[in-house]
Amino acid sequence: QDMADEMTIVSWGGAYSKSQKNAYHDPYSANTGVKIINDESSAEAVAKLRAMNEAGNVTWDVVDVVAADAMRLCDEGLAMEIDPDTQLAAAPDGTPASEDFGDLLVSECFIPQIVYSTTFGYRTDLVGDTPPTSICAIFDTEAYPGKRSLEKRPINNMEWALLCDGVAKEDVYDVLETDEGQEQALAKLDTIKDDVIWWSAGADTPQLLADGEVVMGSTYNGRLFSVIVEQNQPVAMLWDAQVYDLDGWIIPAGLSPERQARALDYIMFATDTQRLADQAKWISYGPARASSAPLVGKHADLGIDMAPHMPTDPNNAKNTFLYNYEFWADYRDDIDGKFQAWLAK
Amino acid sequence: MALTPVENQTPGFVAAVAASSGAFFGLFVGTSQGSGLLGILVGAAIMAALGFALSSMLDKEKPFRWALIAAFAVVGYVLGGLPAAVLGVLFGWFSGWFIFWLATSRYRAHLAPYLTPGQVLWHYTFRVICGVIFTFLITPILVVMPLSFNAQDFFTFTPEMLRFDPAGYSLKHYQDFLGNQDWQNALWNSIRIAPMATVLSVSFGTLAAIGLSQPHVPFRRAIMAILISPMIVPLIISAAGMYFFYSRIGLQGTYMGVVLAHAVLGIPFVIITVTATLVGFDRSLTRAAANMGADPVTTFFRVQMPLILPGVVSGGLFAFITSFDEVVVVLFVGSAGQKTLPWQMFIGLREQISPTILAVATILVGISVLLLATLEMLRRRSERLRGMSPG
Amino acid sequence: MADVSNLDAFVEFERVQKSYDGENLVVKDLNLSMPKGEFLTMLGPSGSGKTTCLMMLAGFETATHGDIRLGGTSINNIPPHKRGIGMVFQNYALFPHMTIAENLSFPLEVRKMGKSDREAKVMRALDMVEMGAFGGRRPAQLSGGQQQRIALARALVFEPELVLMDEPLGALDKQLREKMQFEITHLAHRLGITVVYVTHDQTEALTMSDRVAVFDDGRIQQLDPPDRLYEAPQNSFVAQFIGENNTLEGVIKEIKGETALVQLDNGDLIDAKPVNVSKAGERTRVSIRPERVEYNKDRMPEGAHTLKAEVMEFIYMGDIFRTRLRVAGTEDFFVKTRNAPDQVRLKPGQQIEIGWLAEDCHALDA
Amino acid sequence: MADVSNLDAFVEFERVQKSYDGENLVVKDLNLSMPKGEFLTMLGPSGSGKTTCLMMLAGFETATHGDIRLGGTSINNIPPHKRGIGMVFQNYALFPHMTIAENLSFPLEVRKMGKSDREAKVMRALDMVEMGAFGGRRPAQLSGGQQQRIALARALVFEPELVLMDEPLGALDKQLREKMQFEITHLAHRLGITVVYVTHDQTEALTMSDRVAVFDDGRIQQLDPPDRLYEAPQNSFVAQFIGENNTLEGVIKEIKGETALVQLDNGDLIDAKPVNVSKAGERTRVSIRPERVEYNKDRMPEGAHTLKAEVMEFIYMGDIFRTRLRVAGTEDFFVKTRNAPDQVRLKPGQQIEIGWLAEDCHALDA
Amino acid sequence: MSDTTDTGPVLAADGTPLKRSLARALRRQKIRALMLVAPLLLFVLLTFIMPIGDMLFRSVENNIVKDTLPKTVVALRDWDPDSGEIPDEAVFAALAEDLKVAVESKTHTRLGTRLNYELTGISSLFRKSGRKIKKWDLAQDGPFQAKFIDLNDGWGEIATWRTIKTYSPKYTNGYFLNSIDMQKGTNGAEARPENQQIYITLFKRTMFMSMVITISCIVLAYPVAWILANLPARTSNLLMILVLLPFWTSLLVRTSAWKVMLQQQGVINETLVWLGLVSDTDRLVMINNQFGTIVAMTHILLPFMILPMYSVMQTIQPTYLRAAKSLGATNWTAFWRVYFPQSIPGIGAGSILVFILSIGYYITPELVGGTKGVFISNRIAFHISSSLNWGLAAALGAILLAVVLILYWAYDKIVGIDNVKLG
Ligand SMILES: Nc1ncnc2c1ncn2[C@@H]1O[C@H](COP(=O)(O)OP(=O)(O)OP(=O)(O)O)[C@@H](O)[C@H]1O
Ligand SMILES: Nc1ncnc2c1ncn2[C@@H]1O[C@H](COP(=O)(O)OP(=O)(O)OP(=O)(O)O)[C@@H](O)[C@H]1O
Ligand SMILES: [Mg+2]
Ligand SMILES: [Mg+2]
């Protein structure tokens, strides 16, 4: 296999990969003649990168990961550091990339691509006359009987539990740092434990909603968009205390200079203002550059305006919840152990 | 004077048994319409009447059974539209067959004359139980097939489908499978990997099985345990172990790596089936060949191989399906370039549930049936051959 | 250690031992030498090591000790497929996936013989066993006897000088068996091949062979032509094993040249021919063949020794009558007589007098 | 139909037919009636329907037509386990997971017999077959003959009046077989049970039975005591099947009362006893038993019919000599003589004169 | 002739021990047999056994602390955690030196991740300190004790140092302790807090569920195997296809199909509701719990039970049943006393096979198991691909493997691996 004109880009698969293919890969291949191989291993990216690094044989060129994974990779020296101002394209108006991305540059190794949020969808035909407006509806089994689906991990769920148990938004992580706070969150979750279907694959909640198996469930906003708009299911979205998160690129450490140069070239192309805005034609995730937002247009097939469906849309972002990467990097193992023990009980 | 008395049953008996079956079905129809008790009574009454009436007109079996089918179909259509009419046809066919089967004592014809009614009942109950278990076995396939024609993108029986509305069905998932580059790549990868892995495991495995079946093999048990181990080591452990190890030696993410991993997983099947075939293999045949001047290699290819071929083929098919249906190991050991069908399915289930998976499965089931038929034919052939040497 | 290293011997076993498990000797010190053209049968009870000897000769088992020679050269290190020995297996071992003709042509093919030669030879071999018309069939389409003949033809088609047969008739029914015995001996004599034949059927051994080696417990107990074996057994195992036999137990009173005086356990005194007893006072088993005992006064041979007997049972067997008698304290004394036109049928309870010649009566080890 | 519906018959088959596939009759019109205490053997070639008859009697197969009665009552509607018939299977069918004692006690247990009674009975049954010490072993730890005895004991332990045995000795070797034949007949007579015994070994049938039913092609060809069967076969199938037989083909010249004049194919004229030939001009097979043929002039019976013969081959068989002769155009004429002290051994090529009594020579259907 | 003598080893005729001359005679055969087996054996050893061994080695391997902080580990040797005081300046100086090197190669964060499994918070301690230490000048910036504590309070806590010291040896049993819900405490091994105990529960559950699955397989497979073994060959071969077909259908598809069947809006519930047997509001919960896992796995493993049972039952001759009946046994007695005991080897073969396979299952419980239906393998997978605690995964795997090997050993002893037949 000739390294010169092939590169392996790792991503999540499904509709998301398709949007990347349309927005980035195809134009890039057309420009440069580089053949892009799509690997759909993002879910195992950290593990695989670590093993590749251990073996000294890195086969991936560019990897799409969530911010938390990017930070882990960066910490462990598995991803290379990228300087936004020299190695990324500036905005059309000349704003340097570091400013254009702003706060979203959460790690030195990570170039954000989209902003997504984890939020709730609900069956419009199963919630009666009073559709839920608050996140705490998930804990209200009286008003909304039926199952709800939650992701099978502590992250997000613990925060929502505390929020709905009366903890102020800004105190959530301080409380969660303590054993009592963790107990409190689990106790809150315990009230709905029997009504929860836990999901681990992103496609689960849409399927469960479409089947009517659950009244409401958490998932990524892009998937809910697809269920509601593309598939025409009787489902609606709840924009409240949705957890804001980022997804973007890293370049594995340890690539040969030529491969590294090409990966950087790809990234520079794929994260420019227009490309990021283009991606939103195929999937309802917000571009990570401030300068891209005005360029977001219409859905490629359906022709509807995409802006109102973006998590970045001001209407939707009225009450968002910010995710604390630092906290979870430290407490992930510990809380996860407790969470799984609680689940298994 | 015939010994197994096949005489017609009294109308009373037929009516009673038919009534009990009527009551059984009536219970369901009744509860679905509101009143279980009424359903039981009506069902029993209808079947009893039919049983009584028909058992005195045994000579016109054909016309009456057609009439019953038609009648129930019409009743069904009137009550519940097309789906109910289909059910009506089924029920009409069943009730006609059942009543005549009872009335003409056909149910006793193949049973020993001394069986008591209880034993006869048990005989048929047992068969029904077995039928239920067989149904359980193929249930997933029965579910998968119609769903693969779903017009929607979810694993759901839509109301349109249940109404037999043509709009509820479509071939789009088959089109997706045939037209989508990802699926085609995956299919192509599976086709590249599975046969290669099979060839490896079959050739090494057969050789080793022959070695193991020799009379004096030192450490036979230990060797056997090692060769069987890929089957008994939990898959996740194998996958992780191979992943780390193959990464280190540069096999991870290569075609060769996946082939080797799959070959090793298929080996226990080859060893087990070929050893089983060799247990029945008559050593005097190879001795006879040697005796006539054939060297070991000639003996193997001319005498032993043709005779154990069915075992080898069957082991090979198991090895093939192991590779063709394997997802855990390939997820770890493979990379994008080796994405196989099961991997693609797995991604499909994780990232985007789409009945394309079911369409693929339906196609594969069709291929399996063909393969199984081949296997069965080979087995018959081998039995014919094996039946030859006396003793 | 008698007749080994015979110069014109064709097959030789010299002090051969064999053990499968390192603990028990299955073949113990086997010495045997046979000339070219002989038909030798190994006869013995099950498990006595006959097959093992054959397998060592054919090269499928290795002797743990000793030397096996073929035509004067040791064959220990020659692999089976180079020994050029024909073999007929107990279950025939015809290749089920080949036709009869292919089976027969197999040994010729592996010898790289040309096609036309092969066909001619196969045809000749098939004709020899009168199966010319069956070349195209598969073994499964033949009856047991036919398969047996094909196995024979296949063992002979490449013209080996030595042919081994391991109970080739074991699976056949009686009628077919007798027919095949006849055919095999005739064929062997006609072609002048050397044959080692294994059986546990003594009638088969007696009717077919030039010499019979009686095996027991891993040793050859006696190696002799059939009539000597039957009429002059060298020990009581051979006497018991070959044919039916009446045994009377007693003690040697005295031995005078060719006669021994034996006092039976009930006190009667009889004469017998001493075989492997040497001195007075030894316990002995006196053995007399049932057909050598006469009760018909008219036919009683001259000089016959007589004893009183009581008829216990009369058994009708078609061609012969077996009569069980009580003689000298034992109730298991049989007399066999031919179902001839003038034969008397004895009745249970009858008191008779029986007699035999002292030379038919062997005094053997106890 | 002759002797059915006999009033004191114990087992009766009346016009029984059986087909497995609805196309071929495996048993055709079987009529049989046997009194209590009889030892009856069914003898016939493989596939002649013997096992099928036994299975119908035991209740494991159903007759397609006809009636089977036991002790006067029809048993069609009685399930096998209520028929109270003991059965010994060809492969013994001892339960491998039970000890010998448990095997024997099984039929008593299912009859809900008390523990102490059971133990006593089992012990008695074991002693009866001289296996008292083996109660604690498993079937796999016994030799074939021992297993056979256990199977017998198990079939007898619950004291059935009727015992069926399907080739019970088929798997044993010759010596053991003869011993067991002896034991079975003695036991049956001592206990006074009725036995239906199946075998395809004619010697076994002749030595053991009160009467033998010769089966062929789904019918009883002849049902008679052994000696009548051997000496007065009713058709040529029976003559061929039972014992060895010399056959000469020819044409009936004339029949006068008890003698038929037969012209053999080579022109010789001989006398024979007509059996199932009726008129002059019919083709016939004349059958003479080899042991009824005499060549010793001194012993030639009076009034014997003589023919010239040439000795082809002399076969030594231990207790007997078989001599093959050329007689009246055939080369397959055998004479059997006892290996008696005074017997002459003929040499191939010798010209002799042979003779037999006309009454030993049966003219049968061709 | 020297043949068997009663004393000493049996000698052959030439006086060498019989065993030896036998071994000599058999050497060629043995070598030949081994030569045939060798390629595969080598193949399996290289591509399978070595990876597994390599993987399991991680369960005790603990080089990372020693490799990252070589000097600190040496300096810490003299420190007594029970003294109640934090280590002295020498240790801190060594730490500064070690960290300086580690930060260059970014290995300090890896060490942090590793130690974070044992003490929450160490990860960020290392990460945050690392950034600052980068700028220190070792020669001049001493003394380091105060400087470190100033940098982060964590360095002043005894727990931090205890953890570093406890995990400084090359090998550790920490992962194994963790996998049986224990940890290394102040006085050796101690139980973990109750709200972190999970593995014992999971092991027990895995065993229990596997047992239930095995039993339900036995119950379902027995009649099927019986009827397959007793029907005429033609029919039974056709029915055999019904057994093999699901066996050949993708595992993922079968599992998804069970989802479709069992969920609350699924085929079974819909049918029951339509028939009026359950009301629309309280549909049966049959999936995302143990029941769903058991049904789906029973279905998936059923062929592994049917095939060995069938091959045993085929060899039980019908004459045994006939013999029993001729001895007066009723149908039931004949079955229960005669047929059933003889079919037990088949049950044994199938059971152990199913049990071994089911305790290692992963995909099916993941998809339909919910929270109560997951197996230990799911945790192993989680630790491998998500939490990256590979040592713990290896320890859990080693325990699981040990259980499986014991079962395999029992299986080989009782049934003999040669007696397994597949179709
Ligand atoms: N492959 C083997 N391994 C171990 N022991 C064996 C082997 N083959 C034969 N034996 C033992 O060697 C002894 C002699 O066996 P062999 O087959 O030579 O007897 P045989 O005389 O041919 O008997 P049969 O008449 O039953 O065929 C027996 O005790 C047998 O158990
Ligand atoms: N279960 C069966 N189904 C179909 N045909 C059968 C069955 N059992 C026996 N037969 C056929 O019936 C015929 C008679 O069989 P049976 O077993 O009664 O013969 P047999 O006299 O006992 O023969 P053998 O001496 O070989 O045991 C044979 O042609 C056989 O093929
Ligand atoms: Mg043998
Ligand atoms: Mg039979």
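The legends below describe close-up views of a predicted model.

**View 1. The interface between chain B and chain E.** Eight pairs of chains are in contact, and chains B and E share the most contacts among them. Chain B puts 90 residues into this contact, and chain E puts in 88 residues. About 8,400 Å² of area is buried between chain B and chain E. Carbon and sulfur atoms give 81% of that area.

View 2. Two salt bridges are found across the interface of chain B and chain E. One of the salt bridges at this interface joins the side chains of Arg221(B) and Asp412(E), with an N to O distance of 3.3 Å. Six residue pairs, with both residues at pLDDT 80 or more, are in polar contact across the interface of chain B and chain E. On the side of chain B that touches chain E, the largest share comes from helix 4 of chain B, residues 117–147, with 15 residues. By type, the residues on this side of chain B are 69 nonpolar, 13 polar and eight charged.

View 3. Chain A and chain C are joined by no contact. The closest C-alpha atoms of chain A and chain C lie 47 Å apart. Chain A does not touch chain D either, and the nearest C-alpha atoms of chain A and chain D are 45 Å apart.

**View 4. Helix 9 of chain A.** This helix runs over residues 204–211 of chain A and is mostly covered, with eight of its eight residues buried. The buried residues are Asp204(A), Thr205(A), Pro206(A), Gln207(A), Leu208(A), Leu209(A), Ala210(A) and Asp211(A).

**View 5. Thr99(D) in its loop.** The loop that holds Thr99(D) lies between strand 6 (85–88) and helix 2 (100–110) of chain D. Thr99(D) counts as buried because its relative accessibility is 14%, and buried means under 20%. With neighbours within four places in sequence left aside, Thr99(D) is in contact with Gly135(D), Gly136(D), Arg137(D) and Arg138(D).

**View 6. Ligand 1 and the residues of chain C around it.** The residues around ligand 1 are Tyr20(C), Val26(C), Pro45(C), Ser46(C), Gly47(C), Ser48(C), Gly49(C), Lys50(C), Thr51(C), Thr52(C), Glu167(C) and His200(C). A nitrogen atom of ligand 1 lies 3.5 Å from a polar side-chain atom of Tyr20(C). For Ser48(C), a polar backbone atom is 3.2 Å from an oxygen atom of ligand 1. For Lys50(C), a polar side-chain atom lies 2.8 Å from an oxygen atom of ligand 1.

**View 7. Ligand 2 and the residues of chain D around it.** Around ligand 2 are Tyr20(D), Val26(D), Ser46(D), Gly47(D), Ser48(D), Gly49(D), Lys50(D), Thr51(D), Thr52(D), Glu167(D) and His200(D). In the side chain of Ser46(D), an N or O atom is 2.5 Å from an oxygen atom of ligand 2. The side chain of Lys50(D) has an N or O atom 2.8 Å from an oxygen atom of ligand 2. For the side chain of Thr52(D), the distance from an N or O atom to an oxygen atom of ligand 2 is 2.4 Å.

Note on methods:
Residues numbered from 1 in each chain as written. Chains lettered and ligands numbered in written order. Predicted model: local features only at pLDDT ≥ 70, side-chain atom pairs only at ≥ 80, totals over all residues. Heavy atoms only, no water. Contact = heavy atoms within 4.5 Å. Buried area = accessible area lost by both parts, 1.4 Å probe. Salt bridge = Lys/Arg side-chain N within 4 Å of Asp/Glu carboxyl O. Polar contact = N/O pair within 3.5 Å; in protein donor to acceptor, adjacent residues only side chain to side chain. Helix = DSSP H or I, 4+ residues; strand = E, 2+ residues; numbered from the N terminus. Nonpolar A, V, L, I, M, F, W, Y, C, P; charged D, E, K, R; others polar. Buried < 20%, exposed > 50% of the residue type's maximum accessible area, 1.4 Å probe, protein only. Near = heavy atom within 4 Å.
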